[in-house]
Structures are given as C-alpha cells and as structure tokens.
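Subject: Structure handover

Hello,

Please find the structure below, with the sequence. My notes on what turned up in it follow.

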Amino acid sequence: MKQGDFSQLAQQYANRPGYSEIVTEMLINHVRKNRNEILVCEVGAGNGKLTEKLQAHSLKGVAVEPNEA
C-alpha cells in the first residue's frame, strides 16, 4: 500500500463511526457567527461522511478524494 493511499481499506470506512453531532454543531455555529453562507471543500474526504453531515445542516460543499480509486 502506497503511503497516504487508503484505497484498499475503503470498504472498511463505511463501518467507521460518524462525526459527533455536538462538535459539528459547535463548528458550524462558530463559523456562522462571521458568515451567513458557508462553502465547504473536504479534501481527502474518503467516503465523504463529513460532507454529508455538513450538507444535512444546509451547507453547500464538495468532497474531494485525490486518488484514482
């Protein structure tokens, strides 16, 4: 496995726990204090779990996984 390439483990990512709702809300509330509209780019997103959670809070964004797989 190449350093930094977790493609062979990607199927296991679905079993990872999601991100904390409390921490996510704290982050969003902190950022929204200064901005009404937030655009998020999750780089190295794997399966995009964080992007999905942020979109559930009506944020716009994209997930980028910089490998061919």
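Does E42 count as buried or exposed? At 10% relative accessibility, E42 counts as buried, where buried means under 20% relative accessible area, exposed over 50%, and partly exposed in between, with a 1.4 Å probe and protein chains only.

Before the rest, two remarks on the source. This is a predicted model, in which local features need pLDDT of at least 70 and side-chain atom pairs count only at pLDDT 80 or more, while totals for chains, interfaces and linings use all residues. Residues are numbered from 1 along each chain as its sequence is written, and side-chain values use heavy atoms, with hydrogens and water left out.

Overall layout

The chain has three helices and two strands, in the order α-α-β-α-β along the sequence. Helices (H or I, at least four residues) and strands (E, at least two) are DSSP runs, numbered from the N terminus. Of the 69 residues, 19% count as buried. The accessible surface comes to about 5,700 Å², and carbon and sulfur atoms hold 52% of that; such areas come from the Shrake-Rupley method with a 1.4 Å probe, and for residues only the protein chains shown count as cover. Among contacts with a separation of 6 or more, 43% are between residues 24 or more positions apart, a contact being heavy atoms within 4.5 Å.

The strands and the helix between them

β1 and β2 pair in the parallel sense over five bridges; two strands pair if DSSP finds at least two bridges between them. Together with α3 they make a right-handed β-α-β unit. Right-handed here means that, with the strands pointing away from the viewer, the path from the first strand over the helix to the second runs clockwise.

E42 sits in strand β1. Leaving aside residues up to four places away in sequence, E42 touches G48, L50, T51, V62, A63 and V64. In α3, T51 is buried, as are K49, K53 and L54.

V43 is also in β1, which covers residues 39-43, and the bridge partner of V43 in β2 is V64. V43, V62 and V64 form a nonpolar patch on the surface, with about 240 Å² of accessible area together. Patches are made of residues with over 30% relative accessible area and no salt bridge; like charges are joined within 9 Å, and nonpolar side chains (Val, Leu, Ile, Met, Phe, Trp, Tyr) within 5 Å.

The salt bridge

How many salt bridges does the count come to? The count comes to one, taking a salt bridge as a side-chain nitrogen of Lys or Arg within 4 Å of a carboxyl oxygen of Asp or Glu. The side chains of E21 and K53 meet in it, at 2.7 Å from N to O. The pair links distant parts of the chain, with E21 in helix α2 and K53 in helix α3, 32 residues apart. E21 counts as partly exposed because its relative accessibility is 32%, whereas K53, at 18%, counts as buried. Side chains of opposite charge can pair when their charged atoms come close.

The loops

S58 lies in the loop between α3 (49-56) and β2 (60-64). Just after α3, S58 takes a positive phi of about 65°, although S58 is not a glycine. Most residues other than glycine have a negative phi. S58 counts as exposed, because its relative accessibility is 65%.

R16 is in the loop between α1 (10-13) and α2 (21-32). At 41% relative accessibility, R16 counts as partly exposed. R16 and K49 are 33 residues apart in sequence, and their C-alpha atoms are 9.5 Å apart in space.

E37 lies in the loop between α2 and β1. With a relative accessible area of 57%, E37 is exposed. From C-alpha to C-alpha, E37 and L59 are 7.7 Å apart in space, and they are 22 residues apart in sequence.

Regards
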